[in-house]
Each structure stands twice: as C-alpha cells, then as structure tokens.
Amino acid sequence: MESKDMIFMKKGDGESSYAQSSFLAQRIASISKPVVQSAINSLFHENLLPYKALNVADLGCSAGPNTFTLMETIIESVKSKCGELNCQLPEFQFYLNDLPVNDFNTLFKGSSSFLERYEDVSCFVMGAPGSFHGRLFPTDTLHLLHSSYSVHWLSKAPRLVDKDGLPLNKGKIYISKTSPPSVKEAYLAQFQQDFGLFLRSRSQEMIPDGRVVLIVNGRQSSDATSKESNFNWELLAEAISHMVSLGLIAEEKLDSFNIPYYMASPEEVKDVVDREGSFAIEQLDTFYIENGDRAIWDNEEKIAQSVRSFTESMMLHQFGIEILDKLYANFTHILIRDLARQTEPNKITSIILVLRRNVRLPSP
Ligand SMILES: C[S@@+](CC[C@H](N)C(=O)[O-])C[C@H]1O[C@@H](n2cnc3c(N)ncnc32)[C@H](O)[C@@H]1O
C-alpha cells in the first residue's frame with residue numbers, strides 16, 4: 001500500500017486535530033525561523049531578489065498552523081530587507097503542497113484569515129496537491145523551497161518478508177533491537193530511493209541558486225535501533241501487541257505492518273544529497289528537543305494526543321476504526337509509564353539542511 005493513500009494528519013481544527021496538537025512541529029517552526037530568514041538573505045545576495053515575484057513552496061504543509069508561521073517569517077524577512085535596501089517589495093506566491101487526502105479545506109480557511117492580516121502585501125496562495133516523491137511544479141519556477149517534518153515519510157514501507165513470504169519484523173512496526181539487519185537495510189534503501197527522487201524532482205523545479213530548507217526527524221546516533229529513533233514506534237508496537245493478546249487485533253495484521261517513515265542520520269542524508277548531485281549543502285546540523293519538555297507539552301496526555309494526530313490514519317487503515325480509542329488509551333498508559341521510568345531524557349532529534357541549487361552546466 002502506498003503512503004499517499006493512507007497518510008493524513010488528524011483533520012479539522014478540533015482539540016485533537018493535527019492543527020491543534022502539533023506542539024512539536026510548532027516548536028520546530030520557531031527554532032528554524034532564523035534559518036529561513038538567512039535563506040531569504042541569501043536570495044538577495046544571489047540577486048534573485050528583489051524581483052517581481054518570489055515563488056515559495058512548502059511541501060507537506062498539512063492543514064496549518066505552521067505553514068502560516070513560515071509565510072509570516074518569509075514576508076517579514078523580505079519586508080525588512082527591502083526596507084534596508086530601499087527597494088520595492090516583490091509579489092509573493094506561496095504554493096502549499098500536501099497529499100491529495102490532506103485536509104485542504106481547513107488549510108484554505110486558515111490561509112484566507114492569514115491573507116486578511118496582510119492586505120497591504122501582494123500575496124497569493126495556491127494549493128498544490130500531490131506527492132513530493134515526483135514532480136509538482138513546472139521547470140525553473142521556485143526560488144525557495146521549505147519542508148518541515150515531512151520528508152522522513154516514505155512513499156511506502158519497505159517490503160519486509162523472507163524468501164518464503166514470512167514476515168521479517170514480527171511484533172514490531174519499525175527498526176527495533178530485535179529486527180534482523182535486513183530490516184534496517186530495507187528501510188535505508190527505501191529512504192535513499194525516495195529522498196533521491198525528491199531531490200531529483202526539486203532540482204528541475206528550482207531556479208539555479210535557489211535555496212531549499214528541510215527539517216526532518218532523524219537521529220544523531222549511527223545506530224538505527226537507538227531509543228532516540230524508535231521510542232514512539234516501540235511503544236505503539238507494544239500497545240498493538242497488547243491488543244493482539246486480548247484478541248482484538250489479529251497477529252498477522254501486526255506482523256505485516258511497518259510504518260512508512262525513516263529517521264536518517266546526518267551522514268545518510270548527506271550521502272543521498274552528494275550522490276544526487278544537483279544541490280550544494282550550505283548547512284547540515286542536528287538539534288534536539290526533550291520528549292516531555294513542559295514548555296511544549298502540558299502533560300503526557302498531550303504527548304500521546306500529538307502522536308495520535310500523526311499516526312491515527314495508518315492505524316485506522318491497518319487495524320480498523322473500532323479499535324482506535326482502546327489502542328490509543330493503551331498507548332497513553334504505556335507512554336506515561338515509560339516516561340516516568342526514564343533515567344535520562346528521551347531526545348527527539350531533528351536534522352536541518354540548507355541546500356543551494358547548483359547552476360546547470362550547458363549540455364556538451
Ligand atoms: C507531521 S506533518 C508536518 C506538517 C507541517 N509541515 C508542520 O510543520 O506542521 C507531515 C506532513 O507531510 C505530508 N506528507 C507525507 N508524505 C508526503 C508526500 N509524499 N507528499 C506530500 N506530502 C506528504 C503529510 O500528509 C503531513 O501533512
């Protein structure tokens with residue numbers, strides 16, 4: 001099953017929706033703000049600005065609110081730089097991309113409220129439904145491309161069966177300490193293929209010297225089974241296993257399910273960018289947030305609510321609607337127990353990457 005048919009963040013703008021529960025992504029949007037500001041300054045430096053229009057895409061934007069924070073950062077940075085240079089403000093064209101099953105209605109409602117706040121600026125917003133694992137825009141269109149907490153989603157989970165068709169990752173849903181090495185290898189191969197295709201597609205769409213700002217959930221450790229990379233997936237697998245033991249989920253359903261998500265290391269990210277060859281790396285850094293940081297989540301229930309808001313569509317698809325409330329009640333219980341047992345803080349690692357589109361060499 002391809003991800004594009006089953007991944008969507010919890011819809012609407014109610015209390016448990018992604019729009020109201022994306023506490024971590026909100027924090028990441030504020031941490032990455034200076035990087036976006038600096039990418040805007042680079043566009044002025046390259047003489048791509050001031051220009052008539054600035055074309056920006058946010059890939060995997062969901063239904064808000066973080067894409068609006070990004071739009072605000074971009075408009076304010078350009079305004080400030082144009083003020084400094086005493087030049088005319090460009091028009092802004094924002095392309096908001098996500099998979100077609102995304103909640104574009106909530107996104108468009110949010111974008112019209114946003115535009116009301118910027119009536120003095122010539123600013124246009126367009127939805128761009130489709131998968132970023134392929135072309136989305138015409139050739140040489142984009143000056144700036146941004147994507148936060150989206151590119152770690154794979155186009156599909158790797159096929160994890162042995163030569164007799166038996167599951168390789170029994171009782172688990174991601175790379176785990178008990179997974180055979182072939183599971184890690186298959187995940188890495190899928191990431192390399194998907195991220196390579198992502199870069200190849202963007203390389204066509206970006207204007208030479210245009211900038212890409214990517215923030216992904218990753219890991220610092222070279223060990224893909226480290227706790228920083230499999231914490232939520234281990235606990236969700238435990239919650240699903242409990243449902244199996246109660247006879248509420250068939251064991252084969254768990255054994256045949258793996259999440260289409262890969263938490264890469266900085267070296268793995270760099271390797272794909274270098275091999276693809278269209279972009280130069282200007283920045284590649286990691287930063288981390290503590291899981292349970294009270295400045296982000298009021299309590300453990302809020303952490304569980306956030307996890308539900310981005311995983312529920314997959315659970316619904318694989319295990320059915322009837323078990324969802326019980327499954328997440330169980331997950332919340334396990335999460336509270338595990339966080340209370342921690343002897344050292346559980347880290348959520350992010351990788352931030354700034355790329356410059358290389359100038360295309362004329363064909364020989
Ligand atoms: C965790 S949300 C992040 C949303 C937003 N960028 C933010 O910071 O709040 C990840 C988003 O990526 C989208 N996504 C996943 N795979 C995608 C793909 N292949 N093409 C486009 N969007 C994708 C999901 O639908 C989801 O809305």
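Student: Leaving aside its neighbours within four places in sequence, which residues is F8 in contact with?
Tutor: Beyond those neighbours, F8 is in contact with L99, V101, N102, D103 and S313, where contact requires C-beta atoms, placed from the backbone, to lie within 7 Å. This is a predicted model, in which local features need pLDDT of at least 70, side-chain atom pairs count only at pLDDT 80 or more, and totals for chains, interfaces and linings use all residues. Residues are numbered from 1 along each chain as its sequence is written.
Student: And is F8 buried or exposed?
Tutor: F8 counts as buried because it has 22 C-beta neighbours inside 10 Å; the cut-offs are 20 or more other C-beta atoms within 10 Å for buried, 12 or fewer for exposed, and partly exposed in between, with C-beta atoms placed from the backbone.
Student: Which strand does β4 join over 6 bridges?
Tutor: That is β5, residues 206-218, which runs parallel to β4, pairing being defined as at least two DSSP bridges between two strands. Within β5, V213 is the bridge partner of H146.
Student: And where does V56 stand?
Tutor: V56 stands opposite L144 in β4, and strand β1, residues 53-59, pairs with β4 in the parallel sense over 3 bridges.

Note on methods:
Helix = DSSP H or I, 4+ residues; strand = E, 2+ residues; numbered from the N terminus. Contact = placed C-beta atoms within 7 Å.
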